[in-house]
There are 4 protein chains.
Amino acid sequence: MSIAADSTVNPALRVAVIGAGYWGPNLARNFAMSTDWELVAICDTDAERAQGLARRTGNPDVVTSVDDLLAGQHVDAVAIATPARTHHPIAMQAIGAGKHVVVEKPLADTAARGRELVAAAQEAGTILMADHTYCYTPAVIKIRDLIGAGELGEILYVDSVRINLGLVQPDVDVFWDLAPHDLAILDFVLPDGLQSVSVAAEGADPLDAGKACIGYLSLPQRSGALVHVNVNWLSPTKIRQMVICGSRRTLVWDDLNPQQRISVFDRGVDLGRQERVLDDVATRKGVTISYRLGDTWSPALSEFEPLGLMVSQFASAIRSGTPAPTDGHSALRVLNVLEATSRSLADHGRHVSLEDPVPAGAVREER
Amino acid sequence: MSIAADSTVNPALRVAVIGAGYWGPNLARNFAMSTDWELVAICDTDAERAQGLARRTGNPDVVTSVDDLLAGQHVDAVAIATPARTHHPIAMQAIGAGKHVVVEKPLADTAARGRELVAAAQEAGTILMADHTYCYTPAVIKIRDLIGAGELGEILYVDSVRINLGLVQPDVDVFWDLAPHDLAILDFVLPDGLQSVSVAAEGADPLDAGKACIGYLSLPQRSGALVHVNVNWLSPTKIRQMVICGSRRTLVWDDLNPQQRISVFDRGVDLGRQERVLDDVATRKGVTISYRLGDTWSPALSEFEPLGLMVSQFASAIRSGTPAPTDGHSALRVLNVLEATSRSLADHGRHVSLEDPVPAGAVREER
Amino acid sequence: MSIAADSTVNPALRVAVIGAGYWGPNLARNFAMSTDWELVAICDTDAERAQGLARRTGNPDVVTSVDDLLAGQHVDAVAIATPARTHHPIAMQAIGAGKHVVVEKPLADTAARGRELVAAAQEAGTILMADHTYCYTPAVIKIRDLIGAGELGEILYVDSVRINLGLVQPDVDVFWDLAPHDLAILDFVLPDGLQSVSVAAEGADPLDAGKACIGYLSLPQRSGALVHVNVNWLSPTKIRQMVICGSRRTLVWDDLNPQQRISVFDRGVDLGRQERVLDDVATRKGVTISYRLGDTWSPALSEFEPLGLMVSQFASAIRSGTPAPTDGHSALRVLNVLEATSRSLADHGRHVSLEDPVPAGAVREER
Amino acid sequence: MSIAADSTVNPALRVAVIGAGYWGPNLARNFAMSTDWELVAICDTDAERAQGLARRTGNPDVVTSVDDLLAGQHVDAVAIATPARTHHPIAMQAIGAGKHVVVEKPLADTAARGRELVAAAQEAGTILMADHTYCYTPAVIKIRDLIGAGELGEILYVDSVRINLGLVQPDVDVFWDLAPHDLAILDFVLPDGLQSVSVAAEGADPLDAGKACIGYLSLPQRSGALVHVNVNWLSPTKIRQMVICGSRRTLVWDDLNPQQRISVFDRGVDLGRQERVLDDVATRKGVTISYRLGDTWSPALSEFEPLGLMVSQFASAIRSGTPAPTDGHSALRVLNVLEATSRSLADHGRHVSLEDPVPAGAVREER
């Protein structure tokens, strides 16, 4: 069977990128390079900017409004990389026109609008996906695989730190700016996704910027694990580190150490598990406490461009009719935590309950 | 004037060490080496252990009860290194006998008992001091000096991390075990000491050890600064790092990096401070946001044994009649936070108000 | 005076890039973005490759031979990014046609051919420059400035390590592949350039690859300083570190640490310099040895694209008629060391004398 | 069989420590703590210093001359920690009296004197051992075990760096001060010990201290591997790192990183070994070059005091009559390299041949 015949079976999907600003060019470049896709249009209200991007990506059409885009030549899907507050209207319009949609994070600027998008896509039978790019990096996929294979055992706690001297954003606080990364990653790698009982947030605005510039999130999980996230725009040092402690082993992901991005430590404390006693033994109230001090292991990681994988999985989701790993429901779980975070901040850091509107089991089965 | 004459003016003070277990030997060794002190007795209920320690520290007397110690030969002061729950009765007895007292941390096992000790010492006119050893390290003294000299400007936030694979303690949780270090250090280095409005604590006990093994503390300060502390017994990696962010510069203390323990970063964000605009400029709602990206500086540190300085300052406090840097009031501020921490933990992480029973101004003036 | 008038005074220079393989696209992109330059042609024997590059750089002309290029439209300068063995014939042809020339490193594949190029350019009155890109990075320029300002004092030794798991090159050994970087950098930052008395080389080929894959160079300088360079294709870890020890301070450049690329240590040993005794004092044969243990300082670095600065300095050199920092003479000093390295390797690591055919003083005055 | 009976079979050996200066106290402390040994005397010309040490180590006898020591009470063995130039006469006297001897490094101050000691001990039938302490550390023993088990494959090269701001020694240059560590370690961990064909040394004395303060050693091995050692007293940073590259894996030992002292990298280049091609493939002259980019692994290390193991192995050697791991022959191979180093330095860095007076096979069989 020839490649041409193959192409007939799987003809390239036609996509338009809406928004030619900061992130749009990355999406356009990856769609243009993908054999799954044909990039047919760039849409931006700034025609010159759209034109410039089109020139660097194989000269797709240029349009200056979503109306024109949808009225014009046929597209199967759109990728939206516009300001967050415009995600909802543009995506609703595209879904309404029967298009598959991938949206730059966050899915929407409120959880309610996110829910509308998910419902609309479900009704229209189209694929809705968030571009949570970290979930398509070699490191995060490896972490998901290791946890899925039981290498860490039961997850006991997660501690994530994402701090640096960052741009004080005009519209959102540091939680909405940085925490979506941590939350989307955790929803992706944890065996049952992000299943938070509640969220308590501590924030501070020491510069009087009018919004939290440093923040801490506590997210007790249904499993009993505690997830903690630290985000900060005012740190002189840059740290991107996530510790995932399991009953068997603990994984540390240091994204700024290219020579050893992931370390898996066979170190920990065991209570009352005498069969695993290796090094040292102590007893407490009839319970045995033992300390494991084993080897450390750093798996090799593949190298590939995350956005290349993302556009490929978007295509797969469309072709197979099954949700993408970072589908609308996943994006919604992230939005729910962010909204509860804002409520907790307003209520002096009290725990805000998270009624999960997205049953985890159901969602996960679909993955 | 000869040295002999000097000795007449400042004869060595006579001290006994009570408790020859884990920490007592360190205290005994430093008292024995100090020209300020004469180590005259070791007291431990285990005579053999006391004898062993005495042999290595110049053969002071050995006694097996505090009664015998106080009834016997004359001592000016006692150093108490016994289990925490016994600090209060032993110290009360010593103060009652008119002795100066230094107590291993924590000062007492409850804030109420700590207050009793402080009151008793005040009434008896004796010196009461906590051995918060970190406050006598070269790094912490340098940090206090830098902050005191205004090098960091106004303190905006503090983030302290003290985690490692540690012993799960039989009697106390991770907050009472590790956080006293962070709290005592902050009380020592911050310009007005630890002046917390309230404390909110998040803890987790993922191993069912019966107590929190990982914990997070949020301590808003009267100054507006947010102090956050992370303590953890279950971390495979060891971190001892404190970030003190100021309006002018930010200091990072990494106690496990002997080649660069302290770094001072001239990096940060300024709002509406146009006179300091250096690198990049953006405006927001008529407010100017500017980013400083200046040099980093790592001061050289002296080298000396912290406990040697501690015993010397204990002698100075006795001779001058002025409080030591880590006096009873300071230790009490630490205990107050620890007690509020336990209350917050029991109340789902709600902020527990800290009525400061120790007026900061008054205390600081005495230092 | 308007910008248009300015443009008349300084019209953009016209340049062609020869070679559209690995490095040519970087050069083409930077010429295309520069206001000093107009990129008028891409030349490659592979027309398709040249066309592809032209499309991404503003559609300059495409030609497939140097003859056509020089016969065709007017160019002021050419940038040569072809295989090393072709640098000499192409550059000679371009110089013969009166063009200014910048050549990817190394200038030529032998020192003799390098000398021919330098002589030809001198005779023709054209600018000849090597693209030693590292010399245009913020870090290296800062190092040059610090040394030039006397911050390090007299240079005592240099130790440079450039190792990683690298491609075993088909044509050259590890010395010719990696050491040109270290040598060009040192020629640029040292006050009198690279003024080596001799070179001794140790190499090893443990895989029987037919050439040295790991190597060590010792380069005693006329000043008395010892320069040592370690290059290695077989190291599992990647290190890019240069230590420049001076009589006053020592600089460490760690190019893989973006958070602290340059550290300046006020630490060292002083002999017989009693006025600087700070910390510890010992005497030896009537000579005082003292140890300085001062602060460490890490200067902030500007951020700019090195190749952008390189093409700008190429333009300046042409307009002013003065040599560029990495002119032909500098490139020749690098080639001379590389040739002597090969001779030392063939002679069991003996020191091979370097008769400097490029008087340092003369060259430096021109800079 | 009771412990008492055991003690009859293996009564504690009686040892005296000669020299109570810098290193003697460490030896005395470990002999005093060992069940294999009874510390019966401290010998030092400075009676007060000897007395002070005796007080801290269980009050053995104090003598002020080796004559008195050997004439007095019975000892089985002596440990010599006096200045290097006195090692030979003291050890000769002790061997002459039939004592087993362990000597602080270096064994002697010249290779000839070392050979005399080895010959004398052989003739007298006593154990002669050098206290190359590093060979008894957990890390070095693990390295020896890994190499011995074939985990690294055939050794291709070794690169050792031992630099810091060190004391400029009055009597010896930096090679004799620091390189004995590297050489003794390599003699211990390499499968056939240190089997150097020749040695070439580059040194520099940029401070006019009258001796080399920085140095580089190249030691081609009979196996074809190249050993390179860098020692330096003038470095502002402290590095203790040894890379041992093998055909299968490469080990990096970073002794200053307690959290990951040993890393084993499954990374490297394979030539013509097509069965191992894993990641990337290239061909060259009919030869296949492939790159392995596998996992990294850091083995857990036991924790014990190296000197405790050393004194225990000294006892075992005496009891079994078999050489200790760091016996006289091993120490002699270190001395031979050091002497050849000095000759190479004096001869402008030329390779000085090493005729091996100690056949490797023979020696190793005995271990």
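1. Contact here means heavy atoms within 4.5 Å. By that criterion, in this predicted model, the interface between chain A and chain B draws on 46 residues from chain A and 47 residues from chain B.

2. Chain A and chain B together bury about 3900 Å². Carbon and sulfur atoms account for 66% of that area. The elements of chain A that each give two or more residues to the side touching chain B are β7 (155-165), β8 (198-204), β9 (214-220), β10 (226-232), β11 (234-246), β12 (250-254), β13 (262-271) and β15 (287-298). The largest share, seven residues, is that of β11(A). By residue class, the side of chain A that touches chain B comprises 26 nonpolar, 13 polar and seven charged residues.

3. On the polar side of the account, 12 residue pairs are in polar contact between chain A and chain B, with both residues at pLDDT 80 or more.

4. The relation between chain C and chain B deserves a separate remark. Chain C is superposed on chain B by a rotation of 180 degrees, with 0.0 Å of shift along the axis and an RMSD of 0.0 Å. This is the relation of a two-fold axis. Within chain C, the C-alpha nearest that axis belongs to C:Trp297, at 2.2 Å from it.

5. As to the surfaces involved, 100% of the interface residues of chain C are interface residues in chain B as well, so the copies meet through the same surface.

Notes. Residues numbered from 1 in each chain as written. Chains lettered and ligands numbered in written order. Predicted model: local features only at pLDDT ≥ 70, side-chain atom pairs only at ≥ 80, totals over all residues. Heavy atoms only, no water. Buried area = accessible area lost by both parts, 1.4 Å probe. Polar contact = N/O pair within 3.5 Å; in protein donor to acceptor, adjacent residues only side chain to side chain. Helix = DSSP H or I, 4+ residues; strand = E, 2+ residues; numbered from the N terminus. Nonpolar A, V, L, I, M, F, W, Y, C, P; charged D, E, K, R; others polar. Least-squares fit on C-alpha atoms with pLDDT ≥ 70 in both.
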